[in-house]
Amino acid sequence: MSVGQMGKMNLSMHKLGNSLFLNMARSLAGFLVLLLFVSICQAQAASLFHPISDSHRSAALELFTPEHGSFKSLEETYEALRTFQILGIGKKPDVTATACRLISETIGSSSSTPKDLFYALKANGIAECKIHHKASQDIVTRLNAAINGASSLLDFYYSVGGLVLIKDQSSKADVHLADAEGVFRSVKAFSQSDGRWRYSSNNPESSAFAAGIALETLAGIVSLASSELDQSLISTLKNDISKLFDSIEKYDDGTLYFDDKLVDGLEHQGPLSTTSSVVRGLTAFAAVTTGSLNLPRDNILGLAKFFLGIGVPGDAKDFFNQIDSLACLESNRVSIPLILSLPSTVLSLTKKDALQVRISTVLGSNAPPLTVKLVGAFGSGSKDASLIESQELQFDAGTAVHILKNLPKSIDVGSYTFVFEIVLHEPEHEKVYVTGSQTKVEIFVTGLIKIENAEITVLDSDLESIETQKKLDLAGQNAVSLSANHLQKLRLSFQLTTPRGHAFKPHQALLKLRHESKVEHIFVVGNSGKQLEMVLNFLGLVEKFFYLSGRYDIELTVGDAVMENSLLRAIGHIELDLPEPPEKAPRPPPQPVDPYSRYGPKAEITHIFRAPEKRPPKELSLAFLGVTVLPLLGFLIGLLRLGVNLKNFPTKPLPAIFAILFHVGIGAVLSLYVLFWFKLDLFQTLKLLGFLGVFLVFVGHRILSHLAATSAKLKSS
């Protein structure tokens, strides 16, 4: 399987496995679910690749989301626009206006580097902004000057790439390289004997990523040449490409990719970026040269499998590299890969599911006229002869799917490896498309398993004569009640039959006995060929049962990945009469505590409050309230008897206002005390009192200052 499939599958199985194993101790159902999941995952981990789908389009809209109407750079803008263009996304963020503004600023700035101009022109190729002819000629002059002074591979890459983009976007611009052959040789000087390239003459490290950049640069030089280049240079470069592919990495399913093992940390690229760079360079060079590149056609198919096997990357840069590389493979001149995919690898005999196969390009376009043959079917892990004869699948033009409506009678429930072969109808298509020799796909065939002749029996230990026998309906509900002692045996037996009438052996058949003290014992039900059977000899199990007599609930679990009616069924119970435990008999283990029990409801707390003390009569309380109010009344009467006057109250407007505010503040403080008694708490009262205190200090200081000044004037006069 590919690196992307293995990474995602291992991670998902590891996470789900950890969760299910925690629950398995509590229920056999967890173990059964885990068993089914692992089995199906193993089947679907085979060499099956799917073309680009709607999941990629949804991911593109999530990964390429502009901030405040624009992306951070023109490079990100181009990658977003290019991705939307390839995937044919209609409802995409409208960033054209902002992109055109950035493109115009970059092209018009004299400080823009060749890299800035390169990505500005890349983005403009999709945004189609208007560039003045004079600005185009100025860019051509600047990029030609940059080529003359270039000293590294990236200098050539951005400068030559910019000229190619100007040539494609402006029909009026005169774009060519006067000394194309000399520039070609300058770039070729960075190549190494193993097909890899260096970034500069000062950097001894070489990489496949740099090789892709070099191939794309040399393709641009060929397209910009005013005359045909020396064919010996082209032949040498084709030989370098062959050497580069000699170092390609490979998986057993035919997946191919490039990886740089030893490169400077600042220049290191992962397998996805490296392979993407090589694919861009390879397809660009093949588009501008004639003749064959002498590469095996299966190499192109292997590279396509690598990009499709990754799934949906979670990083925007990786996502762009995947989609852009697949677009290059979709329209390359070497070979266009065709991908075989199945809507489902799980077929039900009960539902009479048809086998469906779809052939498409890597981006999901329909394939040319062809025939799909099912040339073989082998049991899982079997190397015997094929179970079926070669047969063609019928093509449904409406859905563009090849269908086998009825599975052969030799195919029963189980896991199989189906072998498909693609045959193109037109001979000229064989030169354009590559399909690979044969494709192997793991198929799961499921069905309802017939359960019959199920019975549970209590036997005498010596003669094994039947003491109690009960029939079971394992497809329905059971509530058998049995009793036995330590000198007897318990036997359980039943038969499983597939839809084709063959005996079926499930992956798991388990019998569980659970004591009323929650102690559990699990036993594996054996397979004798025609039926599944298990005999429990209680005499040999008394120590394993910890000499615990009493009621044991009986539970049966039968499960398999291809068994559509896997079951976890309570059968009933058995009353066991075991001997008294000896002095040194083993004790039952402590039962595990459910970690989630602490989040359950707690025990109700009951509290009896102290009885309230006896209070005085209401009339007496009101009398004392009146007594507390008498001093206030006496104060008011005293003011009247003494004679209150307002002679010192200010007459001028501003001091009068401060005097009124001061008295209002005093009244507010008194009112606050009343509110504290009836409604407010201490913290609310203190907070309000703080504001009132500051207010009183201010107005009180102003009015007292006025009174002091008035008094001083009177004394001086």
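How are helix 12 and helix 13 oriented to each other? I took this up at the start of my notes on this model, which is a predicted one.

**Entry 1: helix 12 and helix 13**

I looked up the axes. Helix 12 spans residues 271–288 and helix 13 spans residues 297–309. The two pack at an angle of about 140°, and their axes are 11 Å apart. Angles over 145 degrees would count as roughly antiparallel, so helix 12 and helix 13 are oblique to each other. I noted the crossing of this pair as left-handed.

I then listed the residues that meet. On the side of helix 12 they are P271, L272, T275, S276, V279 and L282. On the side of helix 13 they are I300, L303, F306 and F307. Sorted by class, this contact has eight nonpolar residues, two polar ones and no charged ones.

**Entry 2: helix 3 and helix 4**

I recorded the crossing of helix 3 and helix 4 as left-handed.

Helix 3 contributes H56, R57, A60 and L61 to the contact, and helix 4 contributes T83, F84 and L87. By class I have four nonpolar, two polar and one charged residues here.

**Entry 3: the nonpolar cores**

Which residues touch the most other members of the largest nonpolar core? I found L163, F184, W197, I221, F245 and F258, in a core of 101 residues. Helix 10 (residues 208–224) supplies the largest share of this core, 12 residues. Another core lies apart from it, with 73 residues, including F420, F523, V562 and I574.

I went back to F245 for its contacts. Setting aside residues up to four places away in sequence, F245 touches F258, L282, L295, N299 and L303. Two of these names were already in my notes: L282 of helix 12 and L303 of helix 13 are among the residues that meet in that helix pair.

I checked two residues. A400 is not a glycine, yet its phi is positive, about 55°. A400 sits in the loop between strand 10 (394–396) and strand 11 (401–404). Is A400 buried or exposed? Its relative accessible area is 14%, and the limit for buried is under 20%, so A400 is buried.

F546 also is not a glycine and has a positive phi, of about 60°. I placed F546 in the loop between strand 22 (532–537) and strand 23 (550–559). F546 counts as buried because its relative accessibility is 17%.

I looked up Y596 and found it in the loop between strand 24 (567–577) and helix 16 (618–642). Its relative accessibility is 57%, and exposed means over 50%, so Y596 counts as exposed. From C-alpha to C-alpha, Y596 and L696 are 59 Å apart in space, and 100 residues separate them in sequence.

T685 is in helix 18 (residues 682–716). At 6% relative accessibility, T685 counts as buried. I asked which residues T685 is in contact with, leaving aside neighbours within four places in sequence. They are L672, F676 and L680.

Note on methods:
Residues are numbered from 1 along each chain as its sequence is written. This is a predicted model: local features need pLDDT of at least 70, side-chain atom pairs count only at pLDDT 80 or more; totals for chains, interfaces and linings use all residues. Side-chain values use heavy atoms; hydrogens and water are left out. A nonpolar core is a set of buried Ala, Val, Leu, Ile, Met, Phe, Trp, Tyr and Cys residues joined through side-chain atoms within 4.5 Å. Buried means under 20% relative accessible area, exposed over 50%, partly exposed in between (1.4 Å probe, protein chains only). Helices (H or I, at least four residues) and strands (E, at least two) are DSSP runs, numbered from the N terminus. Contact means heavy atoms within 4.5 Å. Axes are lines fitted to C-alpha atoms, for helices over the stretch in contact, and angles run from 0 to 180 degrees between N-to-C directions. Angles under 35 degrees count as roughly parallel, over 145 as roughly antiparallel, 65 to 115 as roughly perpendicular and the rest as oblique. A crossing is left-handed if the near helix is turned anticlockwise from the far one by less than a right angle, and right-handed if clockwise. Ala, Val, Leu, Ile, Met, Phe, Trp, Tyr, Cys and Pro count as nonpolar, Asp, Glu, Lys and Arg as charged, and the others, Gly among them, as polar.
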